[in-house]
Amino acid sequence: MTPKLQRLHDAAKNALGPWVESLEERLGELTLVVSAANYREAARTLRDHPDLRFEQLIDLCGVDYSTYGDRPWERGRFAAVLHLLSVTHNWRLRLRVFCADDEMPMLGSVIEIWPSVSWFEREAFDLFGIVFDGHPDLRRILTDYGFIGHPFRKDFPISGYVEMRYDPDTKRLIYQPVTIEPREVTPRVVREEHYGEGR
């Protein structure tokens, strides 16, 4: 760990104390995990504490861990991952929080802390079904209003459930069950012995 990352690690540990479930370095950045119950308080501390000062939220995305890695996943299925930036200290932090309930994934909204999160929370709601409690306008943002399900969940079928087409007889768009035959997706096999090696 670089000295700069070590300073951030120590500052986050000191400021957040018992809220830190884990704090580890990966890919040159720190990943902080907090529980859903402490999420908003931890987010506010990350923004306001003078040793941290994460003024900007760069991104929030949903994650479905239902088939993660090569062994059974032992945490919650759904999580939100936030990427934060401190302009004051010139450092970044990845914040991850797991939803407490897999059947009804819900987290508190952090829109009052970082207003830029509004559309990101709507996207995670639309694509993964994570509900952000306290969001003032939580509705679909990328799929159609009548869309059923959440297409980025790993158990959502690749071809979907319905398709939309223009019907010339009724002169309007109609929805109907999917008529595409399901395909079996097989990985591409590379047969060259030294494929991808520098030459």
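## Basis of the values

The model is predicted, so local features are given only at pLDDT of at least 70 and side-chain atom pairs only at pLDDT 80 or more, while totals for chains, interfaces and linings use all residues. Residues are numbered from 1 along each chain as its sequence is written, and side-chain values use heavy atoms, with hydrogens and water left out.

## Overall fold

The protein holds 3 helices and 9 strands, where helices (H or I, at least four residues) and strands (E, at least two) are DSSP runs numbered from the N terminus. Read from the N terminus on, the order of these elements is α-β-β-α-β-β-β-β-α-β-β-β. The radius of gyration, taken over C-alpha atoms, is 21 Å, well over the 16 Å that the globule rule (2.2 Å times the number of residues to the power 0.38) gives for 199 residues, so the protein is more spread out than a compact globule. Along the principal axes, the C-alpha atoms fill a box of roughly 65 × 55 × 30 Å.

Of the 199 residues, 38% are buried; here buried means under 20% relative accessible area, exposed means over 50%, and partly exposed lies in between, with a 1.4 Å probe and protein chains only. The protein exposes about 12,800 Å², and carbon and sulfur atoms supply 52% of that area, as computed by the Shrake-Rupley method with a 1.4 Å probe, where for residues only the protein chains shown count as cover. Among contacts (heavy atoms within 4.5 Å) with a separation of 6 or more, 51% come from residues 24 or more positions apart.

## The enclosed helix α3

Helix α3 spans residues 118-128, and because 8 of its 11 residues are buried, α3 is largely enclosed by the rest of the structure. The buried residues of α3 are Ser118, Glu121, Arg122, Ala124, Phe125, Asp126, Leu127 and Phe128, and the elements that cover them include β3, β4, β6 (106-108) and β7. After α3 comes Gly129, whose phi is positive, near 80 degrees.

## Salt bridges

A salt bridge is counted where a side-chain nitrogen of Lys or Arg lies within 4 Å of a carboxyl oxygen of Asp or Glu, and by this rule the count comes to 10.

Arg75 and Glu21 form another salt bridge, with their closest N and O atoms 2.7 Å apart. Here too distant parts of the chain are linked: Arg75 lies in the loop between β3 (56-64) and β4 (78-86), and Glu21 in the loop between α1 (3-16) and β1 (22-26), 54 residues apart. Arg75, with a relative accessible area of 39%, is partly exposed, and Glu21 is partly exposed at 42%. In the salt bridge between Asp137 and Arg139 the closest N and O atoms are 2.8 Å apart; Asp137 is partly exposed at 34% relative accessibility, and Arg139 is partly exposed at 38%. Asp64, Arg77 and Asp155 are linked in a network of salt bridges.

With Lys and Arg counted as positive, Asp and Glu as negative, and His and the chain ends not counted, the protein has 26 positive and 32 negative charges, whose mean positions are 3 Å apart. The place of each charge is taken as NZ of Lys, CZ of Arg, CG of Asp or CD of Glu.

Arg96, in strand β5 (residues 91-98), is buried yet has no salt bridge, and the nearest side chain of opposite charge, that of Glu24, is 5.1 Å away. Leaving aside residues up to four places away in sequence, Arg96 touches Thr31, Leu32, Val33, Val34, Tyr65, Ala79, Ala80 and Val81.

## Two loop residues

Pro50, in the loop between α2 (39-48) and β3, counts as exposed at 56% relative accessibility. Pro50 and Thr88 are 38 residues apart in sequence, and their C-alpha atoms are 9.3 Å apart in space.

Gly28, in the loop between β1 and β2 (29-34), is partly exposed at 46% relative accessibility. Gly28 and Arg53 are separated by 25 residues in sequence and by 19 Å in space, C-alpha to C-alpha.
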